[in-house]
Amino acid sequence: MKKICFKKLVFFVLSFSVLISCSTNTVQSKVKDDGIQQSDSNFANVISVQVSGSEKSYSFSVKLKSPDEGCKQYANWWEVISESGELIYRRILGHSHVNEQPFIRSGGSVNISANQTVIVRGHMNNTGYGTKAMKGSVSSGFAEITLDKDFAIELEQKEPLPQNCAF
């Protein structure tokens, strides 16, 4: 009897994992490697992107929602990356935005063409990259996407990186 229950438990866990990996566009939480569900509210989520400027020299205005608590937990950058995960531009955020949520910060000059598809995502100093981002181009606009939790994770070590937090 115990052996049968064990098999049912394993089947449930495997089924849950498959469900999560097959439904990345609609899942509102992610499963960490230790198996604990973690809500997207623990990350700096990009909720809108506006672009102005001209070819090869665009300014991005990015609206982020993040669970800032001061320098111990804050959104410390947003970035523009290629579809293959190459860093194109990073806007460092020098302080937390505890009483300003969501907030918009602009940055540029971003060297892309009007038709080039890019991804804009946020980063938290203590939880890293979230899965909620925006994908699109200057010419077609941006729409929400859900990234794999490990997509271009190596960019966390790439310069420029924040030097400190003001408040």
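**Strand E8 and its surroundings**

In E10, Gly 136 is the bridge partner of Val 118. That bridge belongs to the antiparallel pairing of E8 with strand E10 (residues 132–137), which runs over three bridges; two strands pair if DSSP finds at least two bridges between them. The structure is a predicted model, so to speak of local features a pLDDT of at least 70 is needed, side-chain atom pairs count only at pLDDT 80 or more, and totals for chains, interfaces and linings use all residues. Residues are numbered from 1 along each chain as its sequence is written, and side-chain values use heavy atoms, with hydrogens and water left out.

First, the overall picture. The protein has one helix and eleven strands, and along the sequence they follow the pattern α-β-β-β-β-β-β-β-β-β-β-β. Both kinds of element are DSSP runs numbered from the N terminus, with helices (H or I) of at least four residues and strands (E) of at least two. Of the 167 residues, 36% are buried, where buried means under 20% relative accessible area, exposed over 50%, and partly exposed in between (1.4 Å probe, protein chains only).

E5 pairs with E8 in the antiparallel sense over seven bridges, and Met 124 in E8 is the bridge partner of Ala 75. Strand E9 (residues 128–129) also runs antiparallel to E8, joined by two bridges, and His 123 has Tyr 129 as its bridge partner in E9. E8 and E9 make a hairpin with three residues between them.

E5 has another neighbour in strand E6 (residues 87–92): the two pair in the antiparallel sense over five bridges. One of the positions involved is Glu 79, whose bridge partner in E6 is Arg 90. The E5–E6 hairpin has four residues between its strands, and there Gly 85 takes a positive phi near 95 degrees.

Aromatic rings turn up around these strands too. The structure holds three aromatic pairs, a pair being rings of Phe, Tyr and Trp (its six-membered ring) with centres within 6.5 Å; planes under 30 degrees apart count as stacked, over 60 as edge-to-face and the rest as tilted. Trp 77 and Tyr 129 form an edge-to-face pair, at 6.2 Å centre to centre and 70 degrees between the planes. This pair links distant parts of the chain, with Trp 77 in strand E5 and Tyr 129 in strand E9, 52 residues apart. Both residues are buried. The rings of Trp 78 and Tyr 89 have centres 5.7 Å apart and planes at 45 degrees, so that pair is tilted. Trp 78 belongs to E5 and Tyr 89 to E6, so the pair ties together parts that are eleven residues apart in sequence. Trp 78 is buried with a relative accessible area of 0%, and Tyr 89 is buried at 16%.

A search of the whole structure finds one disulfide, meaning a pair of cysteine sulfur atoms within 2.5 Å. This disulfide joins Cys 71 to Cys 165, with S to S at 2.1 Å. The torsion about the S-S bond is about -85 degrees, so the disulfide is left-handed. Cys 71 lies in the loop between E4 and strand E5 (75–82) and Cys 165 in the segment after strand E11 (141–146), so the pair ties together parts that are 94 residues apart in sequence. Cys 71 is partly exposed, at 33% relative accessibility.

Lastly, Ser 61 in strand E4 (residues 57–65) is partly exposed, with a relative accessible area of 22%. The side chain of Ser 61 makes a polar contact with that of Ser 106 (2.7 Å). A polar contact is a pair of N or O atoms within 3.5 Å; within protein, one must be able to donate a hydrogen and the other to accept it, and residues adjacent in sequence count only if both atoms are side-chain atoms. The C-alpha atoms of Ser 61 and Ser 106 are separated by 4.1 Å, although these residues are 45 apart along the chain.
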